[in-house]
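The following report examines a structure chain by chain, and then residue by residue where local detail is of interest. Please view the sequence and the coordinates together while reading.

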Amino acid sequence: MNIVLIFLITIFSVSLFFYGKSKTKTISIKDNIKLNALPKFYGYYLVLWCSIPALVFLLVWSLFEPVIIKSIIIETAANQGAIFSDKNEANLIYEKIKAIHLGTYFGDLDSILRESALAYAKFINLFTNSKVVLIFGIIIASVIYSLKKIKNNNKARDDVEVILKGLLFVSSLIAILTTLGIIFSLLFESIKFFSVINIFDYLFGTNWSPQRAFVRDASSITAAEFEELKDAFGFIPLIAGTSFIAFIAMLVAVPIGLFSGIYMAEYASIKVRRISKPIIEILAGIPTVVYGFFAALTVGPFFRQVGENLGLTVSSESALAAGLIMGIMIIPYVSSLSDDVINSVPQSLRDGSYAVGATKSETIKQVVIPAALPGIIGSVLLAVSRAIGETMIVVMAAGLAANLTINPLESTTTITTQIVMILVGDQEFDSPKTQSAFALGLTLFIATLILNYIAQRAVKKYREKYD
Amino acid sequence: MSNVKIKSKNLNVYYGDKQALFDVNLDLNEKEVTALIGPSGCGKSTFIRCINRMNDVIDICKVTGNIEMDGININDKDLDVVSLRERVGMVFQKPNPFPKSIYDNISYGPKIHGKGETKSELDQIVENSLKKSALWEEVKDRLDEPGTSLSGGQQQRLCIARAISVNPEVILMDEPCSALDPIATAKIEELIDELKKTYTIVIVTHSMAQAVRVSQKTGFFHLGKLIEVGKTEKIFKNPDNKMTQDYITGRFG
C-alpha cells in the first residue's frame with residue numbers, strides 16, 4: 001500500500017513539474033510578464049510542494065499507525081473480557097489477533113479472539129482508507145496552494161533554495177544523529193558493565209578470561225561470583241597485543257609504503273606510474289578476510305616451519321604473521337596517500353633546489369619530504385588507526401588466548417578479536433561477558449579518536465611551520 | 001668592451017614535437033646585465049633554462065646546439081650538471097623559499113657543495129649572502145624564522161641570497177619582479193645594479209621600463225627566434241627590426 005502511494009506521489013510530482021513549467025511559460029508569454037524565476041524553478045516548486053508534505057505525512061503516519069492500532073485493539077480485547085496480567089501477555093494476545101487476521105493462526109479460537117480479530121480488520125481498513133484520503137487531501141491542498149503562488153509570480157527560485165537547504169540539513173542531521181546513537185548505545189552498555197566490574201580492575205588488570213563470567217544475571221551476582229569475576233576482565237593484555245601487532249604492521253607498512261610513494265611520485269615515468277599505481281591499489285581492494293586466511297594458512301605455517309628448522313618454537317598463530325600480513329594490507333594506504341602528498345609539493349620548490357645544484361635525492365630528502373611531512377604523518381597515523389581497528393586478519397591469524405608477551409613468535413590477541421569472540425554464538429545480554437564487548441568497543445573508539453586528534457594536531461602544527 | 005661569458009651557437013629546443021627555440025645565437029657579456037624581452041611563450045625562459053640545464057628536469061625536452069661558457073660547451077651530456085648549477089644560479093618568477101628557516105634556506109646550497117665546513121664559516125656565508133642581497137638588516141635578528149614568513153619582496157631577495165650563497169659566476173633571473181609590488185621591484189632592481197659588479201646577469205622581463213633601467217644589452221625574442229640583439233639604448237631608441245619597434249612601442253605582444 002505504502003509503495004503504491006509513494007509511486008503515485010512520484011508520478012504526480014513529475015507530471016506537475018512539466019505542467020508547472022509550461023504553465024508559467026504560457027502565463028509569461030500571454031500576459032507579457034517578466035517572471036521572477038526561470039520556468040523550471042516553478043516546476044521544481046510544484047514538485048517539492050506536491051511531494052514533501054505528502055511524504056512526511058506518510059512517514060509519520062506509518063510510524064504511529066501500528067502503535068495506535070495496538071493500543072485500541074488491546075483495549076477492545078479487554079472490553080470483550082480478555083484477561084492479561086502484564087504487558088507481555090497483552091502483547092501475546094495482540095500478536096494472536098494479528099495472526100488470525102492474516103490467516104496464520106492455528107490455535108484454538110474463542111469468541112473473544114474472534115471478535116477482536118474482526119475489530120482489528122475493521123480498524124486496519126479504516127486506517128488505510130483514511131490514510132489514502134488524507135494523503136490525497138494533502139496533495140490537492142498543497143498543489144492548489146502552490147499553483148496559486150505561481151499565478152502570483154512569487155519568488156519560486158528563493159523558495160526552492162530554502163527547501164533544498166532544508167533537505168541537505170536534514171541529511172547531515174541524520175548522519176550526526178546516527179553517530180550519536182552509536183556512541184550512546186556503546187556508552188550505556190559499558191556503564192552497565194562497569195557497574196559490575198570496577199573500571200580500574202578493567203583498565204589495569206593483566207588477566208583476560210571472560211569465559212569465566214557464566215553468571216546469568218548481572219544484577220543477582222553473589223559475593224563469591226564477584227570475587228571470581230573481578231580479575232577476569234583485565235584490559236592490559238588486549239591493548240598490549242593490539243599495539244604489538246599494529247607496531248609490527250607499521251614496521252612493514254611505513255618504510256615500504258613511503259618509499260614506494262616516493263618512487264611513484266618522483267622517479268616513475270608516466271608509463272610505469274599508469275601501470276603500477278593501479279596494481280598497488282588493488283592490494284587495498286582485497287577483502288581483509290582473504291588476507292586473513294592467507295596469513296593463517298600460508299604465512300603462519302611457513303613461519304612455524306622456518307622456526308622449527310632454526311630450532312625455535314613458533315606458534316602457528318603468531319603475532320608476527322598477523323602483523324606482517326596486516327602491514328602488507330596497509331601498504332597501499334601509506335603509499336597512495338604519501339604519493340598524493342608528495343605530488344602536491346609545488347614544482348617550484350624542487351626547481352629552487354635543483355637550481356643551487358642539488359641532486360634529485362638531496363632535493364627529495366631535504367626539501368620535498370620536509371614540505372610533505374604533515375601529510376605523511378597524517379597518512380601514517382591514519383594507517384595506525386586502520387591497523388588498530390582491523391579485525392579479520394587478527395581473528396584468523398593472531399590467536400585467541402590473551403597472552404601478555406612481547407615475543408612475536410607467540411600467539412597473542414587483540415581488542416577486535418575479543419569483541420568478535422564474545423559476540424559469536426548465543427548471548428545473554430545481561431551477562432558481564434557480553435557487556436564487556438561494549439566496553440571494549442568504547443575503549444577502541446576512544447583510542448582511535450585520540451589518535452585521530454593527535455594526527456590532526458600534528459598536521460596542523462607542521463602546516464603552520466611549513467606553509 | 002667586456003668579455004663574452006656565455007655564447008650560444010645554433011641553439012634549438014624541442015618540447016616533444018613542438019620546437020620552442022630556433023637557431024638562437026646570443027652572446028652574454030661578463031659582469032653585465034642582459035635583458036631578454038618578448039611576448040609570452042616566445043622562448044625567453046626556455047633560453048635561460050638552457051644555461052643551467054634546468055630543462056633536463058622536463059622529460060620531453062630536447063636541446064641541440066652549443067652553449068659555451070668560458071669556451072666549454074655546457075650542453076655536453078657528459079657535463080656534471082651539479083657543478084654547472086653551482087656556477088650558474090637562478091631566481092624564479094615566483095619567490096620559492098624552502099619551507100625551512102631563513103638560515104637553512106641560505107646554508108642549503110653551500111652544505112650540498114661541501115662549502116662552509118664549520119658552523120662559523122657557514123654563518124659567514126649566510127651573513128655575506130644576505131648582505132649582498134640587501135636583506136641582512138631586515139632579518140639578522142630572526143634567522144631561525146621560516147623563510148615563508150617574509151613578505152613577497154623579502155622572499156624574492158632571500159631567493160637571490162640563496163642563489164648567491166654558492167658563489168656562482170652567472171645569475172639567471174626569470175621575471176623576478178612579476179609577482180612583486182613597485183616598491184619591492186625597485187629594491188630588486190637596485191640590487192641587480194649592485195650585483196652586476198660581481199656577477200654576469202641574465203634577466204627575463206615583461207617590463208620594457210625595467211629592461212631599460214637595469215640592462216646594458218637587450219635581446220628581443222619572438223616565436224622562438226631571436227629577432228634582434230644589441231645595446232639596450234639602441235634597441236629601445238633605434239631598433240633595426242620593424243617587429244622590435246612594434247613590440248617596444250606596444251603595438252603587439
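## A strand residue in chain B

Not counting residues up to four places away in sequence, Met173(B) touches Val91(B), Ile201(B), Val202(B), Ile203(B) and Val204(B). These contacts, like every value in this report, are computed from a predicted model. Met173(B) belongs to strand 7 of chain B, which covers residues 170–174.

## Overall form of chain B

Chain B contains ten helices and ten strands. Its radius of gyration is 18 Å, close to the 18 Å that the globule rule gives for 253 residues, so chain B is as compact as a globular protein of that length. Taken along the principal axes, the C-alpha atoms of chain B fill a box of roughly 55 × 45 × 35 Å.

Of the 253 residues in chain B, 47% are buried. When contacts in chain B between residues at least 6 apart in sequence are considered, 68% join residues at least 24 apart.

## An antiparallel sheet in chain B

Chain B has an open sheet of four strands, in the order 2-1-4-5, with antiparallel pairing. Which strands stand at the edges? Strand 2 (18–29) and strand 5 (72–73) of chain B do, each with a single partner strand, so one side of each is left without a neighbour in the sheet.

Within this sheet, strand 1 (residues 4–15) and strand 4 (residues 61–69) of chain B pair in the antiparallel sense over eight bridges. Ser8(B) stands opposite Ile67(B), a residue of strand 4 of chain B.

## Overall form of chain A

Chain A has 16 helices and zero strands. The radius of gyration of chain A is 32 Å, whereas a compact globule of 467 residues would have one near 23 Å. The C-alpha trace of chain A spans about 80 × 80 × 35 Å along its principal axes.

Chain A is divided into domain 1 (2–154) and domain 2 (236–466). How far apart do the C-alpha centres of domain 1 of chain A and domain 2 of chain A lie? The distance between these centres is 51 Å. Buried residues account for 33% of the 467 residues of chain A. Among contacts in chain A between residues at least 6 apart in sequence, 77% join residues at least 24 apart.

## Nonpolar cores

The largest nonpolar core has 122 residues, of which Ile245(A), Ala322(A), Ile325(A), Ile330(A), Val334(A), Ile393(A) and Ala397(A) touch the most other members. Helix 11 of chain A (residues 319–343) provides the largest share of this core, with 16 residues. Another core lies apart from it and consists of 20 residues, including Val196(A), Ile197(A), Leu229(A) and Ile419(A).

The surroundings of Ala397(A) can be listed individually. Leaving aside neighbours within four places in sequence, Ala397(A) is in contact with Gly292(A), Ala295(A), Ala296(A), Gly300(A), Glu317(A), Ala321(A), Ala322(A) and Ile325(A).

## A helix residue in chain A

Val420(A) is found in helix 15 of chain A, which covers residues 415–423. Val420(A) counts as partly exposed because it has 16 C-beta neighbours inside 10 Å. Which residues does Val420(A) touch, not counting those up to four places away in sequence? Thr391(A) and Val395(A) are the residues touched by Val420(A) on that basis. Val420(A) and Ser338(A), 82 residues apart in sequence, are 32 Å apart in space, C-alpha to C-alpha.

## The contact between the chains

Between the two chains, 18 residues of chain A are in contact with 24 residues of chain B. On the side of chain A that touches chain B, helix 12 (347–355), helix 13 (360–389) and helix 16 (432–466) of chain A each supply at least two residues. Helix 12 of chain A gives the most to this side, with six residues.

How do the residues of the side of chain A that touches chain B divide into nonpolar, polar and charged? Nine are nonpolar, five are polar and four are charged.

Methods
Residues are numbered from 1 along each chain as its sequence is written. Chains are lettered from A and ligands numbered from 1 in the order in which they are written. This is a predicted model: local features need pLDDT of at least 70, side-chain atom pairs count only at pLDDT 80 or more; totals for chains, interfaces and linings use all residues. Two residues are in contact if their C-beta atoms, placed from the backbone, lie within 7 Å. A nonpolar core is a set of buried Ala, Val, Leu, Ile, Met, Phe, Trp, Tyr and Cys residues joined through C-beta atoms within 7 Å. A residue is buried if 20 or more other C-beta atoms lie within 10 Å of its own, exposed if 12 or fewer, and partly exposed in between; C-beta atoms are placed from the backbone. Domain bounds come from an automatic or database domain assignment. The radius of gyration is taken over C-alpha atoms; the globule rule is 2.2 Å times the number of residues to the power 0.38. Ala, Val, Leu, Ile, Met, Phe, Trp, Tyr, Cys and Pro count as nonpolar, Asp, Glu, Lys and Arg as charged, and the others, Gly among them, as polar. Two strands pair if DSSP finds at least two bridges between them.
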